[in-house]
Amino acid sequence: QVQLVESGGGLVQPGGSLRLSCAASGSIFAIYTMGWYRQPPEKQRELVATITSGDRTVYADSVKGRFTISRDNAKNTVYLQMSVLEPEDTAVYYCNAEGRSSGLTRFRSWGQGTQVTVSS
């Protein structure tokens, strides 16, 4: 069982910044990909950004140039630095991790979500 715990959400004014963190714990052998997804009000969950263990990144077009994803493999933690936030970034942000457990079975886990609200 692999658990993900997110932190760092909150209320911020347009143009502001926030940093989200997500720490994975449990029976982990390896984490291949970590990422952030978000679900705006009354919309479907969508990809924000992902990062592999080799630091290869993918970003949604809507966040390119404003958001930066990074990870600390030693801490099994992924970060999302969000800058120049817009009201359209308001959503519940979910952390995701894929890899292999200590029993070498594959896992894909989700965090509980953290609310980000961009409003004046």
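Predicted model: local features only at pLDDT ≥ 70, side-chain atom pairs only at ≥ 80, totals over all residues.
Local features here need pLDDT of at least 70 and side-chain atom pairs pLDDT 80 or more, while totals for chains, interfaces and linings use all residues. Numbering runs from 1 along each chain as its sequence is written, and side-chain values use heavy atoms, with hydrogens and water left out.

The protein has zero helices and 11 strands (DSSP runs: H or I of at least four residues for helices, E of at least two for strands, numbered from the N terminus). Its C-alpha atoms fill a box of roughly 50 × 25 × 20 Å along the principal axes. Of the 120 residues, 42% count as buried (under 20% relative accessible area, with a 1.4 Å probe and protein chains only).

Leaving aside neighbours within four places in sequence, V48 is in contact (heavy atoms within 4.5 Å) with residues including W36, V58, F67, L80 and Y93.

Then there is S109, which sits in strand β10 (residues 106-110). S109 is buried, as its relative accessible area is 11%. The S109 side chain reaches the backbone oxygen of V2 at 3.1 Å. Not counting residues up to four places away in sequence, S109 touches V2, L4, C95, N96 and A97.

How values were computed
Buried < 20%, exposed > 50% of the residue type's maximum accessible area, 1.4 Å probe, protein only. Polar contact = N/O pair within 3.5 Å; in protein donor to acceptor, adjacent residues only side chain to side chain.
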